[in-house]
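This briefing is meant to be read with the sequence and the coordinates open side by side. Please look through both before going on to the notes.

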Amino acid sequence: MTNFEAPRIHVLSTVSDAQVQALADLLIDCVEGGASVSFMLPLARERALAFWRKVADGVARGERALLVAEDAEGLLGTVQIVLDQPENQPHRAEVSKMLVYRRARRRGIGALLMQAAEDQAHAHGKTLLVLDTSSAEAERLYARMGWQRVGVIPGFALLPEGEPCSTTFFYRALQARAQVPAAG
């Protein structure tokens, strides 16, 4: 990218086939880069497409919110909010699959996606968010953004090439947002 353009964050209410294709490319890039995001190498394109089609179905049913970061050149990153929780946990959501292309990292895209995810969760009435990560870079981002580190489980998951990795869990209590009084 030659000229820096601030990414735009969009909440997708439906997911087109072209968006599924672009999200599959992003997932493959992240897994090939070593991200522990539920998939192993080699990640077949059809498997990545099937994952995003399933996510798209969840978005259509209102079970997930899917946010994407884009610029003039296309997709840069994504994050999901799993809204559908057990009936005794209606106040919480899980942040899932925060992915940013390797070529687009260190530009603040992850922070923009996370802030938008928090805003979207709040708009859905959620007051508590949880997430887990095996990435030291992501841990630093979440801590900077005010997320609380709960702890680490050694050997919780595998990296894409098969080595066990530790996973760190975080939570964030969302602040009550001031309501603008209605005119009148």
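Predicted model: local features only at pLDDT ≥ 70, side-chain atom pairs only at ≥ 80, totals over all residues.

**Helices α1 and α2**

- The sense in which α1 and α2 cross is right-handed.
- On the α1 side the contact is made by Asp17, Val20, Gln21, Leu23, Ala24, Asp25, Leu27 and Ile28, and on the α2 side by Arg45, Ala48, Leu49, Phe51, Trp52 and Arg53.

- Ala48, Leu49, Phe51, Trp52, Val55, Ala56, Gly58 and Val59 are the buried residues of α2.
- An α-helix has 3.6 residues a turn, so residues three or four places apart point the same way.
- The cover over the buried residues of α2 includes helix α1 together with the strands β1 (8-12), β2 (64-71), β3 (74-82) and β4 (92-100).
- Just after α2, the backbone at Gly62 adopts a positive phi of about 80°.

**Backbone features to check**

- Most residues other than glycine have a negative phi, and most peptide bonds are trans.
- Ser38 has a positive phi, near 85°, and belongs to the loop between α1 and α2; with a relative accessible area of 59%, Ser38 is exposed.
- Lys97 also has a positive phi, near 50°, but is placed in strand β4; its relative accessible area of 16% makes Lys97 buried.
- The loop between α1 and α2 also holds Pro42, and the peptide bond that leads from Leu41 to Pro42 is cis, with omega near -10°.

**Lys126, in a loop**

- Lys126 is found in the loop that lies between α3 (109-123) and β5 (128-133).
- Is Lys126 buried or exposed? Its relative accessibility is 7%, and since buried means under 20%, Lys126 counts as buried.
- Apart from neighbours within four places in sequence, the residues in contact with Lys126 are Leu83, Pro90, His91, Arg92, Ala93, Ala121 and Leu174.
- Between Lys126 and Arg8, which are 118 residues apart along the chain, the C-alpha separation is 23 Å.

**Glu139, in a helix**

- Glu139 is part of helix α4, which runs over residues 136-144, and at a relative accessible area of 22% Glu139 is partly exposed.
- Once neighbours within four places in sequence are left aside, Glu139 is in contact with Thr133, Arg149, Thr168 and Phe170.
- Phe170 is 31 residues from Glu139 along the chain, and the C-alpha atoms of Glu139 and Phe170 are separated by 8.7 Å.

Definitions and conventions
Residues numbered from 1 in each chain as written. Heavy atoms only, no water. Left-handed = near helix turned anticlockwise from the far one by under 90°. Helix = DSSP H or I, 4+ residues; strand = E, 2+ residues; numbered from the N terminus. Contact = heavy atoms within 4.5 Å. Buried < 20%, exposed > 50% of the residue type's maximum accessible area, 1.4 Å probe, protein only.
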